[in-house]
Amino acid sequence: MSIGRLAFCALGLGPALLLLPARRAEAQQALSADTATIEQDVVAEGRKIFHGAGQCFSCHGGRLQGGPVAPPLTGPKWRHIDGTFEAILHTVRGGYPGSAMVAHPGGIDDNQTIQVANYVYAVSQGKAKP
């Protein structure tokens with residue numbers, strides 16, 4: 001292995017950066033596939049929390065359709081926020097003043113709020129089913 005390759009590996013950049021352009025594209029596609037799998041895992045965990053420990057479904061509905069207490073979470077129009085991932089995460093983390101929406105619903109931790117936000121965002125973007 002050359003000194004250049006050792007430097008990339010030592011820096012944690014991995015050998016994929018040293019591949020010829022044709023092989024680099026293959027490596028990037030494989031990385032994207034792995035990332036998509038990870039994202040789907042996060043969405044699936046968020047779904048479990050939304051419908052379980054977070055108790056989000058009790059106000060927002062089992063299909064995120066909303067109800068008498070809380071608005072729908074399916075987008076593209078939102079009642080109080082703009083529907084970006086950041087806005088959804090901020091609301092799950094901090095609640096919404098003057099509403100029944102509390103911070104960390106069901107007592108979920110910060111990691112779980114991120115998973116729930118990923119799930120809600122994915123559903124609102126049509127990338128996951130409720």
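**Note on the predicted model**

1. The sulfur of Cys56 lies 8.8 Å from the closest cysteine sulfur, that of Cys59, which is too far for a bond. A disulfide is taken here as a pair of cysteine sulfur atoms within 2.5 Å, and by this rule the count comes to 0 disulfides. Cys59, accordingly, is in no disulfide. Cys56 is buried, with a relative accessible area of 8%, whereas Cys59, at 30% relative accessibility, counts as partly exposed. (Buried means under 20% relative accessible area, exposed over 50%, and partly exposed in between, with a 1.4 Å probe and protein chains only.)

2. On the basis of the values: this is a predicted model, in which local features need pLDDT of at least 70 and side-chain atom pairs count only at pLDDT 80 or more, while totals for chains, interfaces and linings use all residues. Residues are numbered from 1 along each chain as its sequence is written, and side-chain values use heavy atoms, with hydrogens and water left out.

3. On the overall fold: the chain has 5 helices and 0 strands, giving the pattern α-α-α-α-α when read along the sequence. (Helices, H or I with at least four residues, and strands, E with at least two, are DSSP runs numbered from the N terminus.) The chain has 130 residues, of which 27% count as buried. Contacts between residues 24 or more positions apart make up 48% of the contacts in the chain with a separation of 6 or more, where contact means heavy atoms within 4.5 Å.

4. On the core: the largest nonpolar core has 18 residues, and those with the most contacts inside it are Phe50, Leu64, Leu73, Ile88, Val116, Tyr119 and Val120. Helices H2 (21-50), H4 (85-94) and H5 (110-124) each supply at least two residues of this core. The largest share, 6 residues, comes from H5. (A nonpolar core is a set of buried Ala, Val, Leu, Ile, Met, Phe, Trp, Tyr and Cys residues joined through side-chain atoms within 4.5 Å.) Setting aside residues up to four places away in sequence, Leu73 touches Phe50, His60, Leu64, Trp78, Val120 and Ser124.

5. On helix H5: with 15 residues at 1.5 Å a residue, H5 should span 21 Å, and its end C-alpha atoms are 21 Å apart, which agrees. The expected span is 1.5 Å times one less than the number of residues. The buried residues of H5 are Thr113, Gln115, Val116, Ala117, Tyr119, Val120, Ala122, Val123 and Ser124. At the start of H5, a side-chain oxygen of Asp109 comes to within 3.1 Å of the backbone nitrogen of Asn111. Just after the helix, Gly126 takes a positive phi of about 75 degrees.

6. On aromatic pairs: the structure holds 2 aromatic pairs. The rings of Phe50 and Tyr119 have centres 5.4 Å apart and planes at 65 degrees, so this pair is edge-to-face. The pair links distant parts of the chain, with Phe50 in helix H2 and Tyr119 in helix H5, 69 residues apart. Phe50 is buried at a relative accessible area of 1%, and Tyr119 is buried at 0%. Phe85 and Tyr121 also form an edge-to-face pair, at 6.2 Å centre to centre with 85 degrees between the planes. Phe85 lies in helix H4 and Tyr121 in helix H5, so the pair ties together parts that are 36 residues apart in sequence. Phe85 is partly exposed, with a relative accessible area of 22%, and Tyr121 counts as partly exposed at 29%. (Rings of Phe, Tyr and Trp, the last by its six-membered ring, pair if their centres lie within 6.5 Å; planes under 30 degrees apart count as stacked, over 60 as edge-to-face and the rest as tilted.)

7. On backbone geometry: most residues other than glycine have a negative phi, and most peptide bonds are trans. A cis peptide bond, with omega about -5 degrees, joins Gly75 and Pro76; Pro76 lies in the loop between helix H3 (57-60) and H4. Leu64 has a positive phi, near 60 degrees, and lies in the loop between H3 and H4. Leu64 is buried, with a relative accessible area of 0%. His104, although not a glycine, has a positive phi of about 45 degrees. His104 sits in the loop between H4 and H5 and is partly exposed, with a relative accessible area of 26%.

Technical notes:
A polar contact is a pair of N or O atoms within 3.5 Å; within protein, one must be able to donate a hydrogen and the other to accept it, and residues adjacent in sequence count only if both atoms are side-chain atoms.
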